[in-house]
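Hi,

Here is the structure I promised to pass on to you. Have a look at it first, and then read my notes below.

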Amino acid sequence: MRFDTKIGIVVREDLAVWQKLNVTAFLAGAVAANHPEVIGEPYEDGSGTEYLSMFRQPVLVYAADAEALGRVRASAVNRGLDVAVFTEDMFKTGHDEANRAVVRAVAAEDLALVGLVVFGSKNPLDKTLKGLPLHP
């Protein structure tokens, strides 16, 4: 099945595995929270046990270095795509309000990005992520 939109998560390649997973989960939640149209129907197994809904389309996870993350952020913003960011300082906070504060304290071009998610129309998103390898 082909989708008109795409979800791409870019994670800094030098993070610890637990950090990569944490960043990916938080960033995926940003798309789910802001674009309910990408959520499918709930699941149910053959025994009748119900499970939560998930994305109705694939989520592609890419690897990048810090410089590439900055380029992707700028390109996505310039193309009008929806972006959420995760910065190094967010690993040091304990709650959502503090996360927003550490992002707000830094100019866009100076963010110490460890990950970001980009959501939007497939063609501009593909151009934004062009050249990035899928995460191994």
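Leaving aside its neighbours within four places in sequence, which residues is Gly40 in contact with? Before I get to that, a word on what you are looking at. This is a predicted model, where local features need pLDDT of at least 70, side-chain atom pairs count only at pLDDT 80 or more, and totals for chains, interfaces and linings use all residues. Residues are numbered from 1 along each chain as its sequence is written, and side-chain values use heavy atoms, with hydrogens and water left out.

Now for Gly40. Its partners, once neighbours within four places are set aside, are Ser53, Met54, Phe55 and Arg56 (contact means heavy atoms within 4.5 Å). You'll find Gly40 in the loop between helix H1 (17–34) and strand E2 (43–44). Helices (H or I, at least four residues) and strands (E, at least two) are DSSP runs, numbered from the N terminus. With 21% relative accessibility, Gly40 counts as partly exposed; the scale is buried under 20% relative accessible area, exposed over 50%, and partly exposed in between, with a 1.4 Å probe and protein chains only. Gly40 and Leu52 are 12 residues apart along the chain, and their C-alpha atoms are separated by 9.4 Å.

Strand E2 holds Glu44, which counts as exposed at 54% relative accessibility. Leaving out neighbours within four places in sequence, Glu44 is in contact with Thr49, Glu50 and Tyr51.

Next, the whole chain. It has four helices and six strands, and from the N terminus on they run β-α-β-β-β-α-β-α-β-α. The C-alpha atoms fill a box of roughly 50 × 35 × 25 Å along the principal axes. With 136 residues, a compact globule would have a radius of gyration near 14 Å, and the chain has 16 Å, which agrees. (That radius is taken over C-alpha atoms, and the globule rule is 2.2 Å times the number of residues to the power 0.38.) Buried residues make up 35% of the 136. Of the contacts with a separation of 6 or more, 76% come from residues 24 or more positions apart.

Which residues of H2 are buried? They are Ala68, Leu69, Val72, Arg73, Ser75 and Ala76. Their cover includes strands E1 (5–12), E4 (59–64), E5 (82–87) and E6 (113–121), along with helix H4 (122–129).

After H2 comes Gly80, whose phi is positive, near 75°. Gly80 lies in the loop between H2 and E5 and is exposed, with a relative accessible area of 59%. In sequence Gly80 and Gly120 are 40 residues apart, yet in space they are 8.4 Å apart, C-alpha to C-alpha.

Asn99 sits in helix H3 (residues 96–104) and, not counting residues up to four places away in sequence, touches Met90 and Thr93.

Cheers!
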